[in-house]
Amino acid sequence: MVRLTLPTREQVVAFIKEDKWDLEQNSDIENPIPPCWDLKGRARRMREHFTLQEFSGSLGDIGTLVPILISLTLQGSASLTSSLFFAGLWNIMTGFIYGIPMCVQPMKSIAAIALTNKFTPGELAGAGLGVSAIVAFLGVSRLLWLITRFVPLPVVKGLQLGACLQLCKKGVGLVKENAAFWGSGLVWSDNLWWASAAFVLVLAVYERRRVPVAMVIFILGVVFALAQTGIHSEFGDVHPGAHFVHPVVPTTAEFRSGFLSAGLGQLPLTLLNSVVALAMLARDLFPGYQPSMTHITGTIGVMNIVGCFLGSMPFCHGSGGLAGQYFFGARTELSLYFLGIIKIVLGVVFGESLLAVLRWFPSSLLGVMLFMSAIELGLVARNFSQYPQDEYRRRHDFVVLLITAAALVGFSNDGLGFLLGMVTALALWIHRRVRPDSAPLLPATHGQASSPLDTRGKVSASSDSFADPVPTASDSRQQKARAAMDACC
């Protein structure tokens with residue numbers, strides 16, 4: 001008989017009042033991230049990570065930021081001054097709150113629709129405000145927990161794999177913008193020779209994370225951009241000085257148009273990639289760290305409710321950006337402080353005039369950085385099952401993973417990928433329950449993947465989101481730490 005297990009009233013009350021699922025601590029692994037009020041602990045941790053690779057890691061997700069920022073600013077949909085200033089401010093804020101390189105990146109779906117439909121600043125602000133208000137409400141009201149409580153692990157891993165493939169495609173697209181080895185179309189500063197050299201360089205130091213490869217590539221790109229600006233005599237368009245943000249108040253028509261045409265498509269992407277998948281990735285990369293989905297949705301709401309009214313493009317967090325910064329060496333909030341200060345200085349001092357230089361930044365180098373960051377995100381999908389010793393169950397989980405990722409990439413829609421993945425997971429769960437000869441479902445005791453999340457990012461009460469609760473194995477502290485490290489990148 002098919003039976004769906006729902007949380008008890010006591011569990012719901014405990015969760016709402018104390019922002020956690022179980023009253024007992026589910027993980028025996030020590031949290032390596034000091035809380036934000038432990039200033040001495042944070043300062044000690046930053047001193048330990050005050051290295052070149054930490055600053056190099058801060059540049060790990062510029063492959064997503066720079067092309068969108070330039071395109072929206074040139075079109076007149078967003079202010080470069082406001083976008084840089086608030087992006088830097090939010091970098092510093094999220095670094096202080098979370099203590100890890102929790103990236104701040106554009107809302108990609110909104111940006112794509114805005115570029116296609118040539119949004120006004122009011123329409124862009126309306127889309128960002130609508131999405132962030134809904135996301136913040138779902139997080140604060142704990143309604144998001146009702147969604148994530150029953151999301152199986154393979155669906156989340158499928159979303160991460162789909163996002164990886166989409167970012168890889170975008171990275172290759174950036175490289176192909178000036179895809180030439182020779183001939184009349186060859187641009188000396190932006191071509192396949194430089195893309196190939198950057199790719200080989202990243203692979204050569206792949207296991208040597210102490211080498212600040214992202215910083216090397218970025219500095220090379222800046223040198224090329226400055227040289228091209230000088231060659232085209234455009235330094236006169238760069239005007240250092242004091243630049244200020246300006247308010248943008250969308251009209252009712254702009255709000256409706258922006259939200260309906262771009263916001264609705266961004267909503268599932270933000271909920272699934274910027275909240276659910278991000279929380280699981282953070283726990284995978286930093287064993288013992290338990291990010292709160294309530295806090296993540298709250299910071300997304302604050303970033304856009306304040307920034308969009310002042311001309312900034314909409315921002316969110318994202319699993320791809322965290323993977324990119326982690327891949328290139330970032331481990332603490334120090335990378336976000338460094339990046340945030342740079343953005344604020346550039347926005348206030350140079351403002352809109354900085355476009356004269358940014359437009360010449362080699363897209364081939366941006367594409368390589370974005371591509372390798374996406375690969376880091378895809379690596380976490382390798383631990384897609386909680387039952388690595390059960391081939392029958394692993395096959396089912398792998399089917400869910402593939403369908404989720406394929407639907408996301410094929411339809412270019414996170415919501416449809418999530419929906420088809422959930423339908424597949426539910427169908428296979430029913431199949432396992434009604435088959436009398438189905439294989440026993442025994443949880444793995446070593447090297448198992450991360451469990452589904454509740455809004456605290458903790459292990460949920462059930463190891464299978466659709467099944468009855470399975471008792472937690474009473475492993476030793478050392479075994480749990482080893483299992484978490486096996487699931488980590």
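1. Loop between H11 and H12. In this predicted model, serine 233 sits in the loop that links helix H11 (213–231) to H12. Serine 233 is not a glycine, yet its phi is positive, about 55°. Most residues other than glycine have a negative phi. With a relative accessibility of 63%, serine 233 counts as exposed, because the cut-off for that class is over 50%.

2. Loop between H7 and H8. Arginine 142 is found in the loop between H7 and helix H8 (143–148). Arginine 142 also has a positive phi, about 70°, although it is not a glycine. Is arginine 142 buried or exposed? Its relative accessible area is 15%, so arginine 142 is buried; the limit for buried is under 20%.

3. Helix H7. This helix covers residues 121–140, a run of 20 residues. From the first C-alpha to the last, H7 reaches 28 Å, close to the 28 Å expected at 1.5 Å a residue. Of its 20 residues, 15 are buried, so H7 is largely enclosed by the rest of the structure. Arginine 142, described above, follows H7.

4. Main nonpolar core. The largest nonpolar core contains 102 residues. Ile100, Ile296, Ile300 and Met313 are the residues with the most contacts inside this core. Which helix gives the largest share of this core? It is helix H12 (residues 252–285), with 14 residues.

5. Second core. A separate core of five residues is also present. Among its members are Leu161, Ala381, Phe384 and Ala405.

6. Surroundings of methionine 313. Neighbours within four places in sequence are left aside here. Methionine 313 is then in contact with Leu65, Ile68, Leu69, Leu72, Ala78, Ser83, Pro106 and Leu124. Met313 is also one of the residues with the most contacts inside the largest nonpolar core.

7. Nonpolar patch on the surface. The patch is formed by Val399, Ile403, Phe411, Leu416, Leu419, Leu420 and Val423. Together these residues have about 580 Å² of accessible area. Helix H18 (391–411) and helix H19 (414–434) are the elements that give two or more residues to the patch. The largest share, four residues, comes from H19.

8. Valine 399 within the patch. This residue of the nonpolar patch lies in helix H18. Its relative accessibility is 34%, so valine 399 counts as partly exposed. That class runs between the limits for buried, under 20%, and exposed, over 50%.

Terms used. Residues numbered from 1 in each chain as written. Predicted model: local features only at pLDDT ≥ 70, side-chain atom pairs only at ≥ 80, totals over all residues. Heavy atoms only, no water. Core = buried A, V, L, I, M, F, W, Y, C linked by side-chain atoms within 4.5 Å. Buried < 20%, exposed > 50% of the residue type's maximum accessible area, 1.4 Å probe, protein only. Contact = heavy atoms within 4.5 Å. Expected span 1.5 Å × (residues − 1). Patch = residues over 30% accessible without salt bridge, like charges linked within 9 Å, V, L, I, M, F, W, Y side chains within 5 Å. Areas by Shrake-Rupley, 256 points an atom, 1.4 Å probe, with all protein chains shown as cover. Salt bridge = Lys/Arg side-chain N within 4 Å of Asp/Glu carboxyl O.
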